[in-house]
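Look at the structure first.

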Amino acid sequence: MLLTTDDEIRSLMPTSKWNDVDMLLSCVEEEEQNVVINLLGDELMNRFVAEYERLKAEHGGITPDVLRPDDFSDQPERRTVRAIRICQKIQLFLALAHNAGLMSVQFNSGGGLNQATAEYYDKADDKSVDRFVKDAYMKANRNVDELLTLLEMDARSPE
């Protein structure tokens, strides 16, 4: 997987209040399987995962500093890191768009389907949820375009 930490999620979406990334990982993993691997192919995906794991081991974890967007030079290894960061955006924003309804409703054995509210937060209205889904899709699609452009540039480079 190319997205595994709370810090990565918060760096991609600063308004996020996720404290336990494991609750979101199945949705992110689904997008990785259905979208990112289809864009990259198995061989390139395996290369990206290996680089992600290497960075994680080298830095004691993946933090936003490890995948800092402003640290992308034209060196091949930094292009790989840039591509990983773009893949993370695709995965996260599609996971949010495809699961906004599921994340808005709780399913429990005692009460069936419920909507949770918090003391200091109003429940998002339908218009806000629809806008959120649209914006998440648009962000994901812009990142798909960016990934394809980066891969095309990389394929044309002498390295």
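Q: Which residues does glutamate 8 touch?
A: Leaving out residues up to four places away in sequence, glutamate 8 touches Leu2, Leu3, Tyr52, Ile62, Leu67 and Gln88. Contact here means heavy atoms within 4.5 Å. This is a predicted model, in which local features need pLDDT of at least 70, side-chain atom pairs count only at pLDDT 80 or more, and totals for chains, interfaces and linings use all residues. Residues are numbered from 1 along each chain as its sequence is written, and side-chain values use heavy atoms, with hydrogens and water left out.

Q: What joins the side chains of glutamate 8 and glutamine 88?
A: A polar contact of 2.4 Å joins them. The term means a pair of N or O atoms within 3.5 Å; within protein, one must be able to donate a hydrogen and the other to accept it, and residues adjacent in sequence count only if both atoms are side-chain atoms.

Q: Why is serine 157 called buried?
A: Buried means under 20% relative accessible area, exposed over 50%, partly exposed in between (1.4 Å probe, protein chains only). Serine 157 has 18% relative accessibility, so serine 157 counts as buried. Its side chain also reaches the backbone oxygen of aspartate 154 at 2.8 Å.

Q: Why is cysteine 87 called buried?
A: Cysteine 87 has 0% relative accessibility, and therefore counts as buried. Cysteine 27 counts as buried because its relative accessibility is 13%.

Q: How many disulfides does the structure hold?
A: The structure holds zero disulfides, a disulfide being a pair of cysteine sulfur atoms within 2.5 Å.
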